[in-house]
Each structure stands twice: as C-alpha cells, then as structure tokens.
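Subject: Model handover and notes

Hello,

Here is the structure I promised to pass on. My notes follow below it.

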Amino acid sequence: MKPSMKSALFAVSLLLIFSSCNNEKVKITSLNQLSGKRICVLTGSAGDMIARKEFPDGIFLDFAGSADAALAVKAGKADAFVYDESVLNKIVEKNSDLLILPEVVTYQEVAIAIGKENIFLKSKLDSALSILNNKGILTELKTKWVETPYAMPPQLDKVEVSKYQTTLKMGTCAIYEPYTFISNGVHTGLDIDLRNHLSKILNTNIETIDMAFEGLIPALQAGKIDFAISNFTVTDERKNYISYSTPYLKNNISVLVRR
C-alpha cells in the first residue's frame with residue numbers, strides 16, 4: 001500500500017473515532033436528536049410501539065421494567081427511554097442526573113382492559129367509571145397520584161375485604177409507580193385506589209393478581225382474570241385481542257435522557 005493511501009486511511013480512522021467520541025458526549029435536548037440512538041422500551045408497551053413508529057432508525061433495547069430501563073440510561077448504556085411521562089416523573093424525582101425532554105412524543109388514553117367477549121362486565125365498568133367521573137373522583141385520583149409529588153405514598157381509599165358475596169379477579173403488574181407498585185409489602189398506587197372505588201360501586205370483592213405485564217392479555221383471553229388495571233394504554237393493535245372500558249386517564253408518552 002502506498003504511503004499516501006495509508007495516511008488517508010489513518011486520517012479517516014481518526015475522524016471516525018473523533019466523531020464517535022463526540023456523539024457520545026452530545027447532550028440530547030430534543031426529539032430530533034434520537035435518530036440512530038439507543039432507545040430503551042418496555043416490551044409490548046405503548047411506548048414500545050410508539051417509539052418504533054416515531055424513531056424507526058433507532059437501536060431498540062428491550063426491557064421488562066421501567067427501573068432497569070432508566071438505569072441503562074443513567075449508566076450510559078442507552079441514550080433514551082420512551083414511556084409514560086407519569087412513570088418517568090417518579091424516576092426523575094429519585095434520580096437528579098436524569099430528565100424528561102420538554103417535547104411530548106404523543107398522547108395516549110388509559111383504560112381498563114377486559115376480555116373481548118365479556119360485554120356485560122364492560123358495561124358495568126363503564127357505568128362505574130361514569131359515576132366516578134361525575135363525582136370528580138377520577139380527577140382527584142390523578143391529582144393525588146400523578147400531579148402531586150409525594151415522599152411517602154398517599155393513603156388508599158378504604159374498602160372492607162370479603163364484605164361482598166361475589167369476587168372479580170383483577171390483573172396488574174406492580175412495577176409502575178405511581179399506577180401500581182408495592183410499598184411496605186402491599187400493593188398501592190392510582191390503579192389500586194381505582195380498584196377500591198370500583199369494588200364499592202360494583203358491590204363485589206376484587207382480588208388482585210400480580211403478573212408480568214406481557215401476561216395480562218393472555219390471562220384475559222384464557223379467563224384467568226376478569227379485567228386488568230395496569231396503566232393500560234389504548235392502542236388499535238390491542239383492540240384485536242381485548243376490549244377496553246371508557247378511558248379514565250390521558251397521559252403523555254415522553255422521553256427520559258441523561259441531564
């Protein structure tokens with residue numbers, strides 16, 4: 001190889017190394033910088049589907065839980081995490097070196113997931129949610145759990161266990177604060193508070209069954225649970241497999257990055 005060609009190749013190598021180093025140090029401040037970046041998603045979540053649609057040339061890293069995805073961003077093993085802004089806010093409250101980009105990727109409605117054939121239960125849940133909405137309780141729950149920072153989880157609305165003669169089985173995935181999570185060994189969060197209100201209106205006990213999020217739809221289809229409350233965002237794809245109640249929340253899908 002001629003000396004001039006060796007010099008040219010060496011120069012190109014240095015340029016590539018220098019560019020790579022610069023890319024690693026670039027601070028992400030807007031959505032248009034996510035092109036080609038390493039993006040964390042929770043497998044099968046609405047954030048996962050939306051991220052792949054909005055950032056098709058991203059390098060996607062699949063995770064089962066939000067804490068692990070956030071840790072990957074914090075450790076520099078990923079550049080961003082696309083998910084529900086309410087969950088990301090709770091992560092940022094505990095990690096000062098992370099932040100949420102001001103631009104929202106999109107908005108999503110949250111509803112109760114129900115087996116596709118369970119029309120009667122859907123009607124009862126829709127009626128119960130209408131009552132809670134008219135009384136302002138749905139707004140109170142969002143203010144209490146999503147919009148108000150807390151050091152300790154707020155108190156749940158009380159319900160007497162085994163007071164009623166019938167029982168419904170509710171599936172959830174308890175790793176998404178402030179919706180469903182475990183504090184002091186018990187399930188808590190907005191979705192658990194909503195469960196207790198529904199129990200009173202429907203005059204039924206509601207048994208909570210904790211499982212992996214990706215197992216909720218198969219559990220509904222198999223009749224192992226009657227419904228699922230687990231920050232279930234409404235998507236056209238999921239409507240092929242399950243039914244939804246009327247939405248009880250509207251949330252942002254946003255992006256978590258290093259500060």
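Ile119 counts as exposed because its relative accessibility is 63% (exposed means over 50% relative accessible area, buried under 20%, partly exposed in between, with a 1.4 Å probe and protein chains only). Ile119 lies in helix H5, residues 119–134. Helices here are DSSP runs of H or I with at least four residues, strands are runs of E with at least two, and both are numbered from the N terminus. Ile119 and Ser243 are 124 residues apart in sequence, yet their C-alpha atoms are 8.6 Å apart in space.

A word on the basis. This is a predicted model, in which local features need pLDDT of at least 70 and side-chain atom pairs count only at pLDDT 80 or more, while totals for chains, interfaces and linings use all residues. Residues are numbered from 1 along each chain as its sequence is written, and side-chain values use heavy atoms, with hydrogens and water left out.

Strands around S1

Strand S1 covers residues 38–42, and four of its five residues are buried, so it is largely enclosed by the rest of the structure. S1 pairs with strand S2 (residues 59–63) in the parallel sense, over five bridges. Pairing requires at least two DSSP bridges between the strands. Ile39 stands opposite Phe60 in S2. From S1 the chain crosses through H2 to S2, and this β-α-β crossover is right-handed. That is, with the strands pointing away from the viewer, the path from the first strand over the helix to the second runs clockwise. S1 also runs parallel to S3, joined by two bridges. There, Ile39 stands opposite Ala80.

Strands around S13

Strand S13 spans residues 249–258. Seven of its 10 residues are buried, so S13 is largely enclosed by the rest of the structure. Its antiparallel pairings are these:

- S3 pairs with S13 over four bridges, and Asp84 stands opposite Ile253.
- S4 (residues 98–100) is joined to S13 by three bridges, with Leu256 as the bridge partner of Ile100.
- S5 (residues 106–115) is joined to S13 by five bridges, and Tyr107 stands opposite Asn252.

The cavity

A search of the whole structure finds one cavity of 30 Å³ or more. A cavity is a set of points on a 1 Å grid over the protein atoms alone where a 1.4 Å probe fits but cannot get out, and lining residues have an atom within 4 Å of a point. Grid points are joined across faces, edges and corners, and the volume is the space filled by probe spheres set on the points.

The lining includes Leu42, Tyr83, Asp84, Thr233, Arg238 and Ile253. Helix H2 (46–54), strand S3 (80–84) and strand S11 (227–233) each give two or more residues to the lining. By class, the lining has six nonpolar, four polar and two charged residues. Ala, Val, Leu, Ile, Met, Phe, Trp, Tyr, Cys and Pro count as nonpolar, Asp, Glu, Lys and Arg as charged, and the others, Gly among them, as polar.

Thr233

Thr233 is one of the lining residues and is found in strand S11. Is Thr233 buried or exposed? Thr233 counts as buried, because its relative accessibility is 5%. Leaving out residues up to four places away in sequence, Thr233 touches Ala46, Gln108, Glu109, Val110, Arg238 and Tyr244. Contact here means heavy atoms within 4.5 Å. Thr233 and Tyr244 are 11 residues apart in sequence and 9.4 Å apart in space, C-alpha to C-alpha.

Best wishes

Notes
On a 1 Å grid over the protein atoms alone, a cavity is a set of points where a 1.4 Å probe fits but cannot get out, and a pocket is an open set with protein on both sides within 12 Å along at least five of seven lines; lining residues have an atom within 4 Å of a point.
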